[in-house]
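Here is a friendly briefing to read alongside the structure. Take a moment to look it over before you start on the points below.

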Amino acid sequence: MSSNDSNPKEIKALLRFARAYCAEQLPWFSPALFRCKIHLSEQIVVAAIDYHFNIYFNPKAIATIDISSSNRMDALSQIGFLWIHEISHVLRDHSTRAKELNAAAESWNIAADLEINDGQWSGLKMPEAFPGLHPRKYGLPTGQLSEYYYKWLKKHADRIDRSIDEGSGVHGKIRPWELEQKDEVQQLGVTEIDLVRKSVAQAISEANIGTIPGSWKKWAIKVIRSKVDWRKKLSHRLKRSIAIGLGQKLDYSFRRPNRRQAVYYTILAPTLSGKLQANIACVVDTSGSMQAVHLNQALAEIKAILQAFNSPITIIPCDTRAHKASQISFEQELFSLKKLPGGGGTDMRVGIDAAMQLDPLPDTILVLTDGYTPYPMQVYSIPIIFALLGKAAPIPPNPPWRADTYVHIELI
């Protein structure tokens with residue numbers, strides 16, 4: 001391949017060879033490598049990735065690596081390094097961590113590179129034409145997390161001597177090359193991404209310890225052992241709220257005779273009546289501040305609620321106005337909610353008011369939001385639970401909302 005030859009078909013073929021080479025050298029990364037969809041763009045310097053495992057390569061940069069390599073295997077080892085580097089950003093969940101810190105994209109990208117570039121992988125080599133950053137460049141210790149390096153970089157901004165932008169899979173900011181190919185990109189749900197992450201972690205935990213950098217062993221253990229405590233907490237609070245709501249709907253009535261009427265004869269005894277099946281309303285924040293990761297997590301929580309309660313759920317999308325409500329009873333119906341209406345400002349009070357107008361009245365209302373909304377300054381006649389998406393999501397005011405009326409949901 002000549003230095004000016006960047007034929008898209010040949011470049012994609014070379015990228016696929018490099019991916020296969022990586023899978024042979026580092027088989028534990030295969031679930032992530034083969035979940036990626038390849039895109040070419042000259043808007044990036046070398047390579048980039050988004051949250052959904054769409055991976056982008058600059059065809060001219062790949063051609064440069066190929067022509068400058070001593071042989072084809074050398075080229076594959078260098079391009080393979082780029083593959084592992086980019087998928088590492090998504091596996092380490094750098095984009096979510098950046099959002100929780102509200103981190104500046106460029107500095108966070110450097111910090112994230114410092115976190116993953118200290119690992120030495122057998123058979124891979126950092127591209128000589130496009131060398132990456134290493135902690136030793138700044139005299140920093142290896143094996144630290146991005147948060148550590150980012151904190152240092154914020155204090156030493158004058159030490160940053162290059163611009164790095166590897167896409168929303170690193171820092172959470174949508175980039176032009178991602179929008180340019182928006183009709184061709186894949187959109188993976190949070191459950192699919194979590195499955196890929198756990199598959200890689202499981203494979204790493206079972207691999208020969210001598211072949212895996214220590215930081216990756218720690219990561220794998222953390223992923224495998226992580227517990228979704230918020231699900232138990234949310235389920236517990238919903239059950240309690242539903243019990244209260246059901247209690248409000250059940251009452252004694254003389255419409256039907258009591259089944260033990262013969263015992264009470266000549267006294268006419270009332271019967272406890274009402275609907276015993278749970279009726280849950282979910283107000284889903286669809287404002288402009290809600291990123292794809294937030295909306296995917298919201299749908300994942302709705303799926304978990306369907307599984308836990310086996311009851312229909314009324315979905316009310318809401319930004320500054322409540323959009324048309326829809327009811328779902330089965331997990332398959334979640335696919336129809338992939339594109340919820342919204343995108344404007346934020347006021348979840350409007351969605352709650354809409355839920356309060358439903359007939360029949362729900363037993364409880366669950367509000368799924370990133371927390372950047374005006375909160376109601378009064379409680380309602382039925383229980384309200386706020387599911388706050390992200391550890392850093394702002395909490396509702398206390399009073400009137402107590403700590404048991406909200407749950408922080410981790411973004412997976």
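What follows covers the nonpolar cores, a strand, a helix and some aromatic rings.

This is a predicted model, in which local features need pLDDT of at least 70 and side-chain atom pairs count only at pLDDT 80 or more, while totals for chains, interfaces and linings use all residues. Residues are numbered from 1 along each chain as its sequence is written, and side-chain values use heavy atoms, with hydrogens and water left out.

**Nonpolar cores**

- A nonpolar core is a set of buried Ala, Val, Leu, Ile, Met, Phe, Trp, Tyr and Cys residues joined through side-chain atoms within 4.5 Å. Buried means under 20% relative accessible area, exposed means over 50%, and partly exposed is in between (1.4 Å probe, protein chains only).
- The largest nonpolar core has 76 residues, and the members that touch the most others are F29, F53, F57, W83, I87, L91 and I302.
- Helix α4 (residues 72–91) gives this core its largest share, nine residues. Helices (H or I, at least four residues) and strands (E, at least two) are DSSP runs, numbered from the N terminus.
- Leaving aside residues up to four places away in sequence, F57 touches a list of residues including L15, I38, H39, I62, L82 and W83. Here, contact means heavy atoms within 4.5 Å.
- In soluble globular proteins, nonpolar side chains tend to be buried together.

**Strand β10**

- Is strand β10 (residues 384–389) enclosed or open? Six of its six residues are buried, so β10 is largely enclosed by the rest of the structure.
- In a regular strand the side chains alternate between the two faces of the sheet.
- Both faces of β10 are covered, with I384, F386 and L388 buried on one side and I385, A387 and L389 buried on the other.
- Strand β9 (residues 364–369) runs parallel to β10 and is joined to it by five bridges; V367 has F386 as its bridge partner. Two strands pair if DSSP finds at least two bridges between them.
- Strand β11 (residues 406–409) also runs parallel to β10, with four bridges joining them, and here the partner of F386 is Y406.

**Helix α6**

- Helix α6 (residues 105–116) has 12 residues and spans 17 Å from its first C-alpha to its last, close to the 16 Å expected. The expected span is 1.5 Å times one less than the number of residues.
- Most of α6 is covered, as 11 of its 12 residues are buried, among them W108, N109, D113 and E115.
- What covers these buried residues includes α4, α5 (94–101), α7 (146–155) and α8 (168–171).

**Aromatic rings**

- Rings of Phe, Tyr and Trp (its six-membered ring) pair if their centres lie within 6.5 Å; planes under 30 degrees apart count as stacked, over 60 as edge-to-face and the rest as tilted. By this rule there are 12 aromatic pairs.
- W28 and W121 make a tilted pair, 6.3 Å centre to centre with 45° between the planes. W28 is in the loop between α1 (8–25) and α2 (30–33) and W121 in the loop between α6 and α7, so the pair ties together parts 93 residues apart in sequence.
- Both W28 and W121 are buried.
- F29 and W216 make an edge-to-face pair, at 5.3 Å and 85°. F29 lies in the loop between α1 and α2 and W216 in helix α11 (residues 214–225), so this pair ties together parts 187 residues apart in sequence.
- One aromatic cluster is formed by W28, F29, W121, W216 and W219.
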